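Trainee: Could we go through this one together? I'd like to know what stands behind each label.
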Amino acid sequence: MASFEGRSSIKTWAYAIANRVGADYLRHPMRQRKIVELDETEDVIDSNPGVDEQMIIGQMNACIRQVIDSLPAPYRTALILYDLEELTAKQTAEIIDCSLAAVKIRIYRARLRLKEALENQCDFYHDPDNGLRCKNKAAQ
């Protein structure tokens, strides 16, 4: 509280701090995926049939997270709070310190941009087991 200068609301100031702390937490090297040589993975893959599925889900999550991270900050924040953190639009508006109408517009625009980016960057298809899969268009 000693560093609060009163240039914004306390809610906005606290959210900005929480946002930075969360980003720092996720960037910490201990939370980064470790790269493993293919030779080292053979034993793990053979002994655990769910590894392939986990790898595919991880790749799709990473792809979608990358697209979300590329959104402009106001859209990204509204989308994360509303869709991922499952806050109400009213709660999201309070945290962001803007009107309910502005939050709804940001969420709508964020979803549009997310959809466009995913369509431009990914080819979605169903595998033989009818599971949803994604192929990065740049990797093809």
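Mentor: Let's take the labels one by one.

Mentor: Ground rules: this is a predicted model, where local features need pLDDT of at least 70, side-chain atom pairs count only at pLDDT 80 or more, and totals for chains, interfaces and linings use all residues. Residues are numbered from 1 along each chain as its sequence is written, and side-chain values use heavy atoms, with hydrogens and water left out.

Trainee: What makes up the secondary structure of the protein?

Mentor: Six helices and two strands, in the order α-α-α-α-α-α-β-β along the sequence. Helices (H or I, at least four residues) and strands (E, at least two) are DSSP runs, numbered from the N terminus.

Trainee: How do you know that strand 1 and strand 2 are joined?

Mentor: A pair needs at least two bridges found by DSSP. Strand 1 (residues 122-126) and strand 2 (residues 132-136) have five bridges and run antiparallel, so they pass that test. Cys 122 stands opposite Asn 136, and Tyr 125 is across from Arg 133. The hairpin has five residues between the strands, and Asn 130 has a positive phi near 70° there.

Trainee: Why is Thr 92 called buried?

Mentor: Buried means under 20% relative accessible area, exposed over 50%, and partly exposed in between (1.4 Å probe, protein chains only). Thr 92 has 0% relative accessibility, so it counts as buried. Thr 92 belongs to helix 5 (residues 89-96). Not counting residues up to four places away in sequence, Thr 92 touches Ala 78, Leu 81, Tyr 82, Leu 87 and Val 103, where contact means heavy atoms within 4.5 Å.

Trainee: And what about Ala 93, buried or exposed?

Mentor: Buried, because its relative accessible area is 7%. Ala 93 is also in helix 5. Leaving aside neighbours within four places in sequence, Ala 93 is in contact with Cys 98, Ser 99, Leu 100 and Val 103. Ala 93 and Lys 104 are eleven residues apart in sequence, with 8.7 Å between their C-alpha atoms.

Trainee: How many of the residues in the protein are buried?

Mentor: Buried residues make up 19% of the 140. The accessible surface comes to about 10,600 Å², with 54% of it belonging to carbon and sulfur atoms; those areas come from the Shrake-Rupley method with a 1.4 Å probe, and for residues only the protein chains shown count as cover.

Trainee: Which residues of helix 6 are buried, and what puts them on the same side?

Mentor: They are Val 103, Ile 107, Ala 110, Leu 114, Ala 117 and Leu 118. They cover an arc of only 100° around the axis, so they sit on the same side of helix 6; the arc is that of the directions from the helix axis to the C-beta atoms. The face turned away carries the exposed Tyr 108, Lys 115 and Asn 120.

Trainee: What makes a nonpolar core?

Mentor: A nonpolar core is a set of buried Ala, Val, Leu, Ile, Met, Phe, Trp, Tyr and Cys residues joined through side-chain atoms within 4.5 Å. The largest one has twelve residues, including Cys 63, Leu 71, Tyr 75, Ala 110 and Cys 122. The elements giving two or more residues to this core are helix 3 (51-69), helix 4 (73-84) and helix 6, and helix 6 gives the most, with four. Apart from this core lies another, of six residues, among them Ala 78, Leu 81, Ala 93 and Ile 107.

Trainee: What is the phi of Glu 86, and why is Glu 86 called exposed?

Mentor: Its phi is positive, about 60°, although Glu 86 is not a glycine. Most residues other than glycine have a negative phi. Glu 86 is in the loop between helix 4 and helix 5, and its relative accessible area is 67%, so the label is exposed.

Trainee: Why is Asp 97 called partly exposed?

Mentor: Because its relative accessible area is 47%. Asp 97 lies in the loop between helix 5 and helix 6 and has a positive phi of about 65°.
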